[in-house]
Amino acid sequence: MSKGVLMVNLGSPDSTDPKDVKKYLGEFLMDERVIDVPYWARTLLVKGIILNTRPKKSAEAYQKIWWDEGSPLIVLSKRLQSKIDHNTSVPISLAMRYGTPSIKQGLHELHDQGVDEVLLFPLYPQFAMATTETILVLAEELRKEHFPEMSFTTVPPFYNHQDYIRTLGNSIAETLKDVEYEHLLFSYHGVPERHIRKSDITNSHCKIDGSCCQSDSTAHQFCYRHQCFETTRLVAEYLGLKPNTYSVSFQSRLGFDPWLKPYTDRTIERFGKQGMKKLAIVTPAFVSDCLETLEEIAMEGEEIFHEVGGKNFTVVPCLNDREEWVKVLSRWIDEWAHQKPVEA
Ligand SMILES: C=CC1=C(C)c2cc3[nH]c(cc4nc(cc5[nH]c(cc1n2)c(C)c5CCC(=O)O)C(CCC(=O)O)=C4C)c(C)c3C=C
Ligand SMILES: [Fe+2]
């Protein structure tokens, strides 16, 4: 048996050309775990409505953050992969759930190196059906069809892992060490409330009423909302943050269904209107900076804050290819690679 790792992130369009953005959004939004309505309704919504207007708007947003080497999300994921590759002895491939390099390409790359035992590593701290689950489902479909000799092990969501909490906490502390701020906002990517209910394995726990995420439940294993609150609680504890100096919000909603609240844009606006002048924001649902952090938070978020009288707006960068993070991931991979197979 030969081991290898497939790290998977979300993906980006191939370029900022609206045609490429349309292709990417088409693949992304036609995923039944992202827009979870029946196929006919999804087709009508995505191909009949969203893809007629959104690609132009999204392409303009991508143009504001695009780097000479390409999409920040892809460039940063590649830098992370390359640094981990230097630290570990097992082959590491990188794939994107949407766009390129695809999961199929990543598995082929490992297959060509003789790998038959794969560690699937979704690059998401918190579980969501629109992120972790869709990666695992697609990878398994591809395995059955094209790589039946391969076996998979999965890295579980690491939202409460002490190594992740420490690394995130240190990165926040480093960014904010000489910064004056009145409040630290933990802004997570939003999901429709319906997604949270669908992922409730008990079918009865989830109320999305502010209290269910705090009580003990096996449902939390798959509850994005609970996991976001836990990451926040643990980081706040690690940093010794005082109550009421930090809070949680959810960004990037799409469509008219209720999404997780409070919404980040409205929270920033409210803070400014209440007279807050110095706000810091961290985005722990993303391990790599991307459109959602560089444009929606660092540009749009700052504009909203300034419009309502806010002054200092500080954004904590994602973990990206930070040395401490590279060391943590390399160690996790090495520990998996060198563990002995369980005897039958
Ligand atoms: C129904 C739509 C969407 C759900 C649900 C959703 C969940 C979700 N997404 C991320 C991470 C990222 N999303 C990004 C971009 C993005 N997300 C959606 C829609 C949903 N996301 C759209 C339409 C887009 C594209 C841009 C746009 O048109 O606004 C990105 C950035 C990609 C990049 O190229 O930089 C990330 C990362 C998470 C973690 C998540 C659920 C927890
Ligand atoms: Fe998204």
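1. Helix packing, α1 on α2. In this predicted model, helix α1 (residues 18–29) packs on helix α2 (residues 39–65) at an angle of about 125 degrees, their axes 8 Å apart. That makes α1 oblique to α2. The crossing is right-handed. Helices here are DSSP runs (H or I, at least four residues), strands likewise (E, at least two), numbered from the N terminus. Axes are lines fitted to C-alpha atoms, for helices over the stretch in contact, and angles run from 0 to 180 degrees between N-to-C directions. Angles under 35 degrees count as roughly parallel, over 145 as roughly antiparallel, 65 to 115 as roughly perpendicular, and the rest as oblique. Right-handed means the near helix is turned clockwise from the far one by less than a right angle; anticlockwise is left-handed.

2. Who touches whom. From α1, the contact residues include Val 21, Leu 25 and Leu 29. From α2, they include Ile 50, Arg 54 and Tyr 62. Contact requires C-beta atoms, placed from the backbone, within 7 Å. The contact of α1 with α2 divides into ten nonpolar, two polar and three charged residues. Nonpolar covers Ala, Val, Leu, Ile, Met, Phe, Trp, Tyr, Cys and Pro; charged covers Asp, Glu, Lys and Arg; the others, Gly among them, are polar.

3. The axes of α3 and α11 come within 9 Å and cross at roughly 55 degrees. α3 is therefore oblique to α11. This crossing is right-handed. Leu 80, Lys 83, Ile 84 and Asn 87 of α3 meet Val 326, Leu 329, Ser 330 and Ile 333 of α11. The classes are five nonpolar, two polar and one charged.

4. Domains. The assignment, automatic or from a database, gives domain 1 (3–158 + 323–337) and domain 2 (162–315). Their centres, taken over C-alpha atoms, are 23 Å apart.

5. Annotated site. UniProt, in an unreviewed entry, places "binding site" at His 189 and Glu 292. They are spread over 104 residues of sequence, yet cluster in space, with a largest C-alpha distance of 8.1 Å. His 189 sits in strand β5 (residues 183–189). UniProt positions follow the numbering used here, feature names are shortened, and annotations may be inferred rather than shown by experiment.

6. Conventions. Residues are numbered from 1 along each chain as its sequence is written, with chains lettered from A and ligands numbered from 1 in the order written. Local features need pLDDT of at least 70 and side-chain atom pairs count only at pLDDT 80 or more, while totals for chains, interfaces and linings use all residues.

Technical notes:
Two residues are in contact if their C-beta atoms, placed from the backbone, lie within 7 Å.
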